[in-house]
Amino acid sequence: FFEARVSEKDSKSRRRTLSMMSLAASLLIVVGAALYVGLHGFGGERYSTPIGGLASIPLRDGSSVTLNTASRVHVELKPNERLVELEQGEAFFVVAKDPGRPFVVKVGTRQVVAIGTQFSVRRDGEGLRVVVREGTVRLGSDGPAASGGSTVAIPATRTASSEVRL
């Protein structure tokens, strides 16, 4: 009968090849994961309420967001900014003061920027309503003012909230 003999040299060579293949596969997985995270980020947190629902959500920076009925937001707290995308509905924000990290609420191509204030933002399709209860917010469009974007300051009034509809 047939007897297979594997020399010690062949065995070491096979182990080395398998080891190199495992290392290459691991490196490929790490590089792929790093590219994915670099392009897409970790995604932050998503919050939503059903029709008739209401939710108050404390954020890690000390701010809070209250979602009205049928609303949806995506929150990313980054080292240089706090970003909230209002995807649907209405949200009321109580923003913790942090001058080094502006609080930005994106609604389509528009953004509302605050450092420490209280305000609500409502998205009606492509329409936008901002009500400032305390402090001042800036309403602008994506991109710097030099590239055609403009900003408008919206302060709260002493007797009532300021409201702007666009």
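Is Thr117 buried or exposed, and what is its relative accessible area? Thr117 is buried, with a relative accessible area of 2%. Here, buried means under 20% relative accessible area, exposed over 50%, and partly exposed in between, using a 1.4 Å probe and protein chains only.

A quick note before the views: this is a predicted model, where local features need pLDDT of at least 70, side-chain atom pairs count only at pLDDT 80 or more, and totals for chains, interfaces and linings use all residues. Residues are numbered from 1 along each chain as its sequence is written, and side-chain values use heavy atoms, with hydrogens and water left out.

**View 1. Thr117 sits in a loop between two strands.** The strands on either side are β7 (110-114) and β8 (118-124); strands are DSSP runs of E with at least two residues, helices are runs of H or I with at least four, and both are numbered from the N terminus. Leaving out residues up to four places away in sequence, Thr117 touches Phe93, Val94, Val95, Val132, Glu134, Gly135, Thr136 and Val137. A contact like this means heavy atoms within 4.5 Å.

View 2. Arg101 counts as buried because its relative accessibility is 16%. A polar atom of its side chain lies 2.8 Å from the backbone oxygen of Lys78. Not counting residues up to four places away in sequence, Arg101 also touches others, including Asp61, Pro79 and Glu81.

**View 3. The largest nonpolar core has 24 residues.** Such a core is a set of buried Ala, Val, Leu, Ile, Met, Phe, Trp, Tyr and Cys residues joined through side-chain atoms within 4.5 Å. Among the residues with the most contacts inside it are Phe93, Phe103 and Val137. Strands β3 (64-67), β4 (72-77), β5, β6, β7, β8, β9 (127-134) and β10 (136-141) each supply at least two of its residues. The largest share, 4 residues, comes from β5. In soluble globular proteins, nonpolar side chains tend to be buried together.

**View 4. β6 has pairing partners in β5 and in β7.** With β5, the pairing is parallel over 4 bridges; with β7, it is antiparallel over 5 bridges. Strands count as paired if DSSP finds at least two bridges between them. Phe103 in β6 is the bridge partner of Arg82, while Arg110 in β7 is the bridge partner of Val107. In the hairpin of β6 and β7, 2 residues lie between the strands, and Gly108 takes a positive phi near 60°. β6 is mostly covered, with 4 of its 5 residues buried.

Note on methods: Polar contact = N/O pair within 3.5 Å; in protein donor to acceptor, adjacent residues only side chain to side chain.
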